[in-house]
Amino acid sequence: MKTRITELFGIRHPIIQGGMHYVSFAELAAAVSNAGGLGIITALTQKTPADLAREIARCREMTDRPFGVNLTFLPTVHAVDYPGYVAAIIEGGVRIVETAGRSPEPVMPALKDAGVRVIHKCTSVRHALKAEAIGCDAASVDGFECGGHPGEDDIPNMILLPRAAEELKIPFVASGGMADARSLVASLALGADGINMGTRFIATVEAPVHDNVKQAIVAATELDTRLVMRPLRNTERVLNNAAVERLLEKEVSMGSELQFEDIIEEVVGVYPRVMTEGQVDAGVWSCGMVAGLIHDIPTCQALLDSIMADAEGIIRKRLEDLLG
Ligand SMILES: Cc1cc2nc3c(=O)[nH]c(=O)nc-3n(C[C@H](O)[C@H](O)[C@H](O)COP(=O)(O)O)c2cc1C
């Protein structure tokens, strides 16, 4: 399948694995890229730019296909050395960067001068238009369904994607709620040039996370996510657990008094405990509603192969037959 996204990134299938904190290590990114998609390493999971440089080198040993690095601009407890991470990306020869959170404008000159292609993850049409205006090559349009940070507008992909198609000139992928061939074909019909998946890629053989996390996603239904941190305007969709319920009780009881300091126990330092040690109730961690569509733990190759084969079946058979 050829789309503006496969052309832009030089990949076989229009499928991207979004950057995920403590999930998107070299093992996963390489597995996705080797399977014909675009794998992405998460920069900030690496404690220093030097660690990121090593992770990029490790990924290059595992694949000769294109892969990318995610740079997330969200509130963090410690100041982040963004110029250092950008330098590690450029010096590591990475040609694709996925940005997310706040506008990537400050890092654009350095990335563009180095010939890096930038795909910015946005949760609204206005942010996607801003990304286009500042020179991003593509957008990843993240609907309200998505795992992680859906923004504050709450527009699901059934509306957001065709709205993006109405306004954007740059290519874009549909993100949030994507799991299979149905997601891909529907996204193409709505005007997208491919899909970005997060939660689906955690439940794969190669995702270097504890098996408890994969099993929790397989066991979860579409009813099992919650939105936290809305009062702080830093909304995150997470898998429900005891820590999430404790945090939500604080949000209700403290109302507008709630400060980040009040929820540190549920939020800070959680990812290594969940993803590496498998303590899935240790705190809040991102997960999409799409968990309800995830019933197995395939290899990335099997996942991408089945998406592409089934997509062809839907397009050539189911949709064609409807025309009589
Ligand atoms: C566990 C987890 C961690 C994530 N961490 C990040 C991150 O650090 N930076 C980022 O830009 N997006 C992050 N995301 C969002 C994903 O890259 C992707 O946009 C999102 O998962 C898409 O929605 P889906 O889960 O419905 O596929 C994370 C998602 C999950 C599930």
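User: How many nonpolar, polar and charged residues does the shell around the ligand have?

Analyst: Bear in mind that this is a predicted model. Sorted by class, the ligand shell comes out at 9 nonpolar, 16 polar and 4 charged residues.

User: Which residues come nearest to the ligand?

Analyst: There are 29 residues around the ligand. S3, strand S8 (195-197) and helix H9 (199-202) each put at least two residues into that shell. The ones that come nearest are Gly18, Ala100, Gly147, Gly198 and Gly288.

User: What share of contacts joins residues at least 24 apart?

Analyst: For background, the protein has 14 helices and 10 strands, and 47% of its 324 residues count as buried. Now take the contacts between residues at least 6 apart in sequence. Of these, the share joining residues at least 24 apart is 63%.

User: How far apart are the end C-alpha atoms of helix H3?

Analyst: H3 runs over residues 49-62, which makes 14 residues. At 1.5 Å a residue, the helix should span 20 Å. The model agrees, with its end C-alpha atoms apart by 20 Å.

User: Within what arc do the buried residues of H3 fall?

Analyst: The buried residues in H3 are Pro49, Leu52, Glu55, Ile56 and Cys59. Looking down the helix axis, they line one face, because they fall within an arc of 110 degrees.

User: Which exposed residues sit on the face of H3 turned away from its buried side?

Analyst: Start with the buried side: its cover includes helix H2 (26-34), strand S2 (39-42), strand S3 (67-73) and helix H4 (82-91). On the face turned away from that side, the exposed residues are Ala50, Ala57 and Glu61.

User: Is Ile16 buried or exposed?

Analyst: Ile16 belongs to strand S1. Beyond four places in sequence, its contacts are Gly37, Leu38, Ile40, Val173, Gly194 and Asn196. The cut-off for burial is 20 or more other C-beta atoms within 10 Å. Ile16 has 30, so it counts as buried.

User: What distance separates the C-alpha atoms of Ile16 and Ser140?

Analyst: Along the chain, Ile16 and Ser140 are 124 residues apart. In the model, their C-alpha atoms are separated by 9.4 Å.

User: What distance separates the C-alpha atoms of Val116 and His149?

Analyst: Val116 lies in the loop between helix H5 (108-113) and strand S5 (117-122), and it counts as buried with 21 C-beta neighbours inside 10 Å. His149 is 33 residues away along the chain. The C-alpha atoms of Val116 and His149 are separated by 25 Å.

User: Is Met229 buried or exposed?

Analyst: Met229 is in the loop between strand S9 (225-228) and strand S10 (236-239), and its phi is also a positive value, near 65 degrees. With 21 C-beta neighbours inside 10 Å, Met229 counts as buried.

Conventions:
Residues numbered from 1 in each chain as written. Predicted model: local features only at pLDDT ≥ 70, side-chain atom pairs only at ≥ 80, totals over all residues. Helix = DSSP H or I, 4+ residues; strand = E, 2+ residues; numbered from the N terminus. Expected span 1.5 Å × (residues − 1). Buried ≥ 20, exposed ≤ 12 C-beta atoms within 10 Å, placed from the backbone. Arc of directions from axis to C-beta. Contact = placed C-beta atoms within 7 Å. Near = placed C-beta within 6 Å. Nonpolar A, V, L, I, M, F, W, Y, C, P; charged D, E, K, R; others polar.
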